Amino acid sequence: MRVLGIETSCDETGIAVYDTDAGLLAHALHSQVAMHRDYGGVVPELASRDHVRRVVPLIERVLADAGLRLADLDAVAYTQGPGLAGALLVGASVATALGYALRIPVLPVHHLEGHLLSPLLASPRPDFPFVALLVSGGHSQLFDVTGVGEYRLLGDTQDDAAGEAFDKTAKLLGLAYPGGPALSRLADTGTPGAVRLPRPMLASGNLDMSFSGLKTAALTLARKEAGGSATESLPAARKADIALEIQSAIVDVLASKALAALRQTGRGRLVVAGGVGANRALRERLGAAPAQVYFPDLAFCTDNGAMIALVGALRLRAAPQGDHAFEVRPRWDLATLTPGNPARAA
Ligand code: KG4
Ligand code: ZN
């Protein structure tokens with residue numbers, strides 16, 4: 001069975017075809033990063049309009065790369081949420097129209113379930129059960145995962161997500177959006193231990209996280225170092241020291257909480273997913289953990305269509321036989337999913 005996946009929840013148009021027997025057949029992505037850069041973040045209305053422009057040509061390209069025609073598809077999966085309402089509506093309406101025209105099932109997919117299961121696209125793929133550390137732009141969560149749709153929340157961020165902490169602290173150092181990759185590159189040239197920042201909630205005794213205090217501490221430190229000038233005007237070497245310490249603090253907290261989750265659940269497998277999973281320091285630290293650790297390929301850490309097509313394929317049996325009505329869910333809690341039909345999840 002071949003499933004077309006359509007991801008349009010934020011600033012990336014991602015399209016892919018996943019075959020339940022042969023695996024991923026083709027995928028393509030258009031990133032809007034360059035378009036949003038001048039604004040320092042994603043502009044929702046520009047994002048929606050760009051998805052409209054990109055989605056059909058990308059579907060045509062992916063089908064051509066896979067050597068398929070529309071009629072060869074058995075189902076269409078799309079990101080139903082969470083995300084930007086207007087951006088989500090583009091993928092939802094194109095997927096539903098295709099499903100109607102081709103008379104095939106249309107599967108609404110939870111974006112974070114896509115991230116959570118994206119390590120299943122890699123080889124070797126993890127078996128269930130596993131602990132998942134989900135670290136994206138908007139989420140820092142730990143789950144105990146026992147099967148598709150069986151996600152027990154173990155710990156959550158109390159405020160900013162890890163990706164958000166990377167992005168916001170990068171901004172105060174004058175780095176371009178999106179800040180995570182830029183801050184990580186700058187950190188490579190920093191001197192370890194040159195400055196010191198707190199590791200929030202490291203000793204909290206639970207699996208929850210918090211990163212807004214780190215952001216404030218980084219701002220206070222940068223202001224002190226700048227001595228009244230703008231923090232963006234700090235010397236490059238000092239910025240690199242601060243960037244390295246910010247990254248180390250985030251990695252320390254994430255790694256410590258992930259290891260505590262493994263101990264608490266007794267699981268031997270850890271899956272790391274979401275955009276921050278692309279961070280090299282985090283990968284190196286967790287790669288040395290006393291567990292089998294699985295990461296998605298770098299291309300599938302950040303938003304992509306392959307993870308949506310994959311979840312569609314895994315949930316094909318629960319496909320709703322609908323009337324081709326559709327809705328999007330800009331806010332949608334992953335812990336409410338069940339192994340059954342996601343469209344009917346609370
Ligand atoms: O999963 P994702 O693509 O989008 C969401 O669903 O949110 O994650 C995007 C986040 C951004 O905050 C970005 O700065 C961060 O992932 N990110 C990184 C790296 N690559 C992406 N953070 C640190 N190091 C990286 N290499
Ligand atoms: Zn994402």
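A residue counts as buried under 20% relative accessible area, as exposed over 50%, and as partly exposed in between, with a 1.4 Å probe and protein chains only. By this rule, both His-111 and Asp-303 are buried.

The structure is a predicted model: local features need pLDDT of at least 70, side-chain atom pairs count only at pLDDT 80 or more, and totals for chains, interfaces and linings use all residues. Residues are numbered from 1 along each chain as its sequence is written, chains are lettered from A and ligands numbered from 1 in the order in which they are written, and side-chain values use heavy atoms, with hydrogens and water left out.

Helices (H or I, at least four residues) and strands (E, at least two) are DSSP runs, numbered from the N terminus.

The loop between E10 and H10 also holds Asp-297. At 41% relative accessibility, Asp-297 is partly exposed. Its C-alpha atom is separated by 29 Å from that of Leu-98, 199 residues apart along the chain.

Leu-98 takes part in a helix pair. The axes of helix H2 (residues 44-66) and helix H3 (residues 85-102) come within 8 Å and cross at roughly 30°. Axes are lines fitted to C-alpha atoms, for helices over the stretch in contact, and angles run from 0 to 180 degrees between N-to-C directions. The crossing of H2 and H3 is right-handed. A crossing is right-handed if the near helix is turned clockwise from the far one, and left-handed if anticlockwise, by less than a right angle. From H2, Ser-48, His-51, Val-52, Val-55 and Ile-59 meet Gly-86, Ala-87, Val-90, Val-94 and Leu-98 of H3. These contact residues divide into seven nonpolar, three polar and no charged. Here Ala, Val, Leu, Ile, Met, Phe, Trp, Tyr, Cys and Pro count as nonpolar, Asp, Glu, Lys and Arg as charged, and the others, Gly among them, as polar.

Gly-86 is partly exposed, with a relative accessible area of 32%. Thr-96, also in H3, is buried at 5%. Thr-96 touches Val-106, His-324 and Phe-326, not counting residues up to four places away in sequence. Contact means heavy atoms within 4.5 Å.

Helix H6 (residues 179-187) is largely enclosed by the rest of the structure, because seven of its nine residues are buried. They are Gly-179, Gly-180, Ala-182, Leu-183, Ser-184, Leu-186 and Ala-187. The buried residues of H6 pack against helix H5 (162-172) and helix H8 (236-265). H5 has buried residues too, including Ala-162, Phe-166 and Leu-172. Their cover includes strand E6 (130-135), strand E7 (140-147), H6, helix H7 (212-226) and H8.

Most residues other than glycine have a negative phi, and most peptide bonds are trans. Ser-123 and Pro-124 are joined by a cis peptide bond, with omega about 0°. Pro-124 lies in the loop between H4 and E6. The bond from Tyr-177 to Pro-178 is also cis, with omega near -10°. Pro-178 is in the loop between H5 and H6. Arg-103 is not a glycine, yet has a positive phi of about 55°. Arg-103 is exposed, with a relative accessible area of 65%. Met-201 likewise has a positive phi, about 60°. Met-201 lies in the loop between H6 and H7 and is partly exposed at 26%.
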